[in-house]
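Reader: I am new to protein models. Can you show me how labels follow from values?

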Amino acid sequence: MKKNGKKKPKSGNGPGMIAFGVVYALYSSLFKPHSLGGYLLAFAFSGFVGAIIRIMAQGLDTTQNQKTPESLQKVQGNTGNPEVDELLEKGREMITEIRRENDLIPDSSLSDKLDQLENKCAEIFRAVYDKPSKASQIRKFMAYYLPTTLKMVKGYRMLDERGITGQDAVYARNRIDDALLVVLQGCQKMLDKLYQDDVLDLTTDIDVLEQMLKRDGLSESDLEAAAAQAKRAAQIDEAANRLSGRRTQAGKAEPEQQAKAEQPRWNVDPRYAANGQAQAQKPDEQ
């Protein structure tokens, strides 16, 4: 939620000037002043009426046509069950109160957490709105957890508004900020529990659908799947064996090459090569 700060008070100058002009024109047309005193009287009377209209316009709120927050749109309307509708109405009031406190708190970190809290509460109430039978699962959440959270937030706002900056106040602010994280985690677990049965129903429907497709021959059979898996395994084994064979051949060839490299080299004396005799000499005897 973006904060716009305090609203700028309306000046009311526009409506006041319009009223002044209208009254002056009516006065002039009715009484037709011909003297300076008559014009001054018309001017004074018109100014008096314009001032009243300007003051009245300053107190008018022309922003009532703002859209309903998205969080409240999720839980609009009633279910027809009086107990559940009473619970949802209390939930709407709490969402509005969370938003109001959020607008009054300048701390951006806490404001972000309150935004999340507002949205998660709306999702919890929507789960009950969609299925009123889930109302019993959130009664403790409504009776204790959420009111206590709002009490903490109001305390944080009070410390901030009164400018209390002592060590204990700073510690209390930090505790409230940390507590909101715990509350958000609890809200998420609450949502998971509310939709646990729905998730189970979905997985059950998927299992039934798969079984019906197999029964009607519209999906791959278990035998075909096993054969395809065995074929893939055989291909992997074959590739592994080829790689192992190349490594074995490379391992055998390496000692032979090393042995040849270690054998001494012999030279033939050219004096005996002409007579068909060969005398081997080591390189160091030449």
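Reader: What is the average pLDDT of the chain?
Author: The chain averages a pLDDT of 78. A score of at least 70 is reached by 75% of the residues. Over residues 61-65, however, the pLDDT is below 50. That stretch has three contacts in the model beyond near neighbours in sequence. Residues 276-286 also have a pLDDT below 50. There the count is 18 contacts beyond near neighbours in sequence. Where pLDDT is low, predicted coordinates should not be read in detail.

Reader: What makes Glu97 and Lys154 a salt bridge?
Author: The cut-off is 4 Å between a side-chain nitrogen of Lys or Arg and a carboxyl oxygen of Asp or Glu. For Glu97 and Lys154 the N to O distance is 2.4 Å. The pair therefore meets the rule. Glu97 is in helix H4 (residues 82-104) and Lys154 in helix H6 (residues 139-161). They are 57 residues apart, so this pair links distant parts of the chain.

Reader: Why is Lys154 called partly exposed?
Author: Its relative accessibility is 32%. Buried needs under 20%, and exposed needs over 50%. Lys154 falls in between, so partly exposed is the label.

Reader: How do you know that Asp177 forms a salt bridge with Lys113?
Author: Their closest N and O atoms are 3.3 Å apart. The limit is 4 Å, so the pair counts. Asp177 lies in helix H7 (residues 167-194), and Lys113 lies in helix H5 (residues 108-130). The pair therefore ties together parts that are 64 residues apart in sequence.

Reader: Why are Asp177 and Lys113 called buried?
Author: Asp177 has a relative accessible area of 18%. Lys113 has a relative accessibility of 9%. Both values are under 20%, so both residues count as buried.

Reader: What makes Glu123 and Arg126 a salt bridge, and where do they lie?
Author: Their closest N and O atoms are 2.9 Å apart. An α-helix has 3.6 residues a turn, so residues three or four places apart point the same way. Arg126 has a relative accessible area of 30%, so it is partly exposed.

Reader: What makes the link between Asn102 and Ser111 a polar contact?
Author: The two side chains are joined at 2.7 Å. Asn102 lies in helix H4. Its relative accessible area is 0%, so Asn102 is buried.

Reader: Is Thr165 buried or exposed?
Author: Exposed. Its relative accessible area is 65%, and the cut-off is over 50%. Thr165 lies in the loop between H6 and H7. Leaving out residues up to four places away in sequence, Thr165 touches Val170 and Arg173.

Reader: How do you know that the span of H7 agrees with what a helix should have?
Author: H7 has 28 residues. At 1.5 Å a residue, H7 should span 40 Å. Its end C-alpha atoms are 41 Å apart, which agrees.

Reader: What do the buried residues of H7 pack against?
Author: They pack against H5, H6 and helix H8 (196-215). Among these buried residues are Ala169, Ile176, Asp177 and Leu180.

Terms used: Residues numbered from 1 in each chain as written. Predicted model: local features only at pLDDT ≥ 70, side-chain atom pairs only at ≥ 80, totals over all residues. Heavy atoms only, no water. pLDDT = per-residue confidence, 0-100. Contact = heavy atoms within 4.5 Å. Helix = DSSP H or I, 4+ residues; strand = E, 2+ residues; numbered from the N terminus. Buried < 20%, exposed > 50% of the residue type's maximum accessible area, 1.4 Å probe, protein only. Polar contact = N/O pair within 3.5 Å; in protein donor to acceptor, adjacent residues only side chain to side chain. Expected span 1.5 Å × (residues − 1).
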